[in-house]
Amino acid sequence: MKNLKIAIQKSGRLNEKSVLLLKNCGLDFENYKSSLITTVANFSLEILFLRDDDIPGYVEQGIADLGIVGENVIEETRSQVQYLQRLGFGRCTLKIALPKDSPVDRLEDLNGKSIATSYPNILQNFLNEYKIKADIQEISGSVEIAPGLGLSDAICDIVSTGGTLKSNGLKPFVDVASSEAILIAREGIEENPIICELLQRIQSVLRAKE
Ligand code: PRT
Ligand code: ZN
């Protein structure tokens with residue numbers, strides 16, 4: 001039988017904990033060095049090391065069967081995948097934040113304002129829900145510097161400690177979505193016995209941590 005494939009982040013905030021989780025499940029493999037794919041020695045599984053943004057699409061298309069990725073990325077890419085298990089790490093909140101001296105006080109005050117973000121789809125859904133018409137400026141990184149550069153009136157970005165907001169003269173305004181790492185699977189594969197076995201092992205590792 002062909003090995004199943006799981007896609008995890010190659011490097012970055014989710015890599016280490018994704019690797020640790022799989023190792024704690026008893027899987028014997030090497031973390032990413034230069035090869036983008038590695039075979040697990042003692043389980044019918046291959047691991048693909050990818051940029052996080054590519055993981056939901058790979059799973060949706062069936063190039064990978066499973067993936068571990070932030071909920072924020074799944075929602076932003078609007079991928080059709082199944083949520084198998086919340087993993088409890090990589091927790092963060094997508095927030096709208098304002099310059100400390102911003103006149104914006106209530107949500108409605110965002111009407112007509114510009115908001116810089118790397119999450120235009122999630123932000124647009126949120127604004128639609130509250131019937132707010134703001135101008136979304138999509139930028140791919142360093143969103144926090146946009147207001148200081150005169151690019152936008154506000155930002156919508158991921159916050160965990162809040163340190164980055166503070167050091168850029170910004171204050172949190174409203175929470176748009178919360179996120180954590182999720183084990184996802186492609187549609188229709190959840191009955192596979194190897195996936196059931198892996199999911200059971202993952203759940204017992206998570207339970208042992210409680
Ligand atoms: O290279 P690749 O594309 O794979 O990685 P990446 O750079 O896009 O993502 P990475 O590794 O930064 O984050 C991976 C995932 O971790 C995200 O998609 C989130 O689900 C989750 N996560 C958890 C975070 C944070 N916490 C976080 N703090 N992702 C990003 N941040 C950034 C945020 O963008 C901001 O710049 O950290 C800064 C804010 O942090 P604080 O602590 O100062 O508030
Ligand atoms: Zn990324």
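Is Arg 78 buried or exposed? With 11 C-beta neighbours inside 10 Å, Arg 78 counts as exposed. Here a residue is buried if 20 or more other C-beta atoms lie within 10 Å of its own, exposed if 12 or fewer, and partly exposed in between, with C-beta atoms placed from the backbone.

## The model

This is a predicted model, in which local features need pLDDT of at least 70 and side-chain atom pairs count only at pLDDT 80 or more, while totals for chains, interfaces and linings use all residues. Residues are numbered from 1 along each chain as its sequence is written, and chains are lettered from A and ligands numbered from 1 in the order in which they are written.

The average pLDDT of the protein chain is 96, and 100% of the residues score at least 70. pLDDT is the predictor's confidence in each residue, from 0 to 100. For the model, the ipTM is 0.98 and the pTM is 0.96.

## Two domains

The protein chain has a domain 1, made of 4-90 + 180-209, and a domain 2, made of 92-179. These bounds come from an automatic or database domain assignment. Taken over C-alpha atoms, the centres of domain 1 and domain 2 are 30 Å apart.

Eight residues of domain 1 are in contact with eight residues of domain 2; contact means that the C-beta atoms of two residues, placed from the backbone, lie within 7 Å. On the domain 1 side, helix α3 (residues 71-77) gives the largest share, four residues. That side has no nonpolar, three polar and five charged residues. In this count Ala, Val, Leu, Ile, Met, Phe, Trp, Tyr, Cys and Pro are nonpolar, Asp, Glu, Lys and Arg are charged, and the others, Gly among them, are polar. Helices (H or I, at least four residues) and strands (E, at least two) are DSSP runs, numbered from the N terminus.

## Around ligand 1

The shell around ligand 1 has 21 residues, of which Gly 12, Gly 70, Cys 92, Thr 161 and Thr 164 come nearest. A residue is near a molecule or strand if its C-beta atom, placed from the backbone, lies within 6 Å of it. Domain 1 and domain 2 each provide at least three residues of the shell.

At least two shell residues come from each of α3, β9 (154-159) and α5 (163-167). The largest share, three residues, comes from β9. By class, the shell holds five nonpolar, 11 polar and five charged residues.

Strand β1 (residues 4-9) runs parallel to strand β3 (residues 45-50), and six bridges join them. Two strands pair if DSSP finds at least two bridges between them. Ile 8 stands opposite Phe 49 in β3. β1 also pairs with strand β4 (residues 66-70), in the parallel sense and over two bridges. In β4, Gly 67 is the bridge partner of Ala 7, and Leu 66 stands opposite Ile 6.

How many of the five residues of β4 are buried? Five of the five are, and the strand is mostly covered. Leu 66, Ile 68 and Gly 70 lie on one side of β4, Gly 67 and Val 69 on the other, and all are buried. In a regular strand the side chains alternate between the two faces of the sheet. β4 has an antiparallel pairing with strand β11 (residues 181-185) over five bridges, and Ile 68 stands opposite Leu 183 in β11.

Strand β6 (residues 92-99) and strand β10 (residues 170-179) are antiparallel and pair over eight bridges. Thr 93 has Ser 178 as its bridge partner in β10. β6 and β9 also run antiparallel, joined by five bridges. In β9, Ile 155 is the bridge partner of Ala 97.

Most residues other than glycine have a negative phi, and most peptide bonds are trans. Arg 78 is not a glycine, yet its phi is positive, about 50°. Arg 78 lies in the loop between α3 and β5 (82-86). Lys 131 is not a glycine either, and its positive phi is about 55°. Lys 131 is in the loop between α4 (120-129) and β8 (135-138). Lys 131 counts as exposed because 9 other C-beta atoms lie within 10 Å.

Pro 193 belongs to helix α6 (residues 193-209). Pro 193 is exposed, with 9 other C-beta atoms within 10 Å. Pro 193 and Ala 64 are 129 residues apart along the chain, and their C-alpha atoms are separated by 16 Å.
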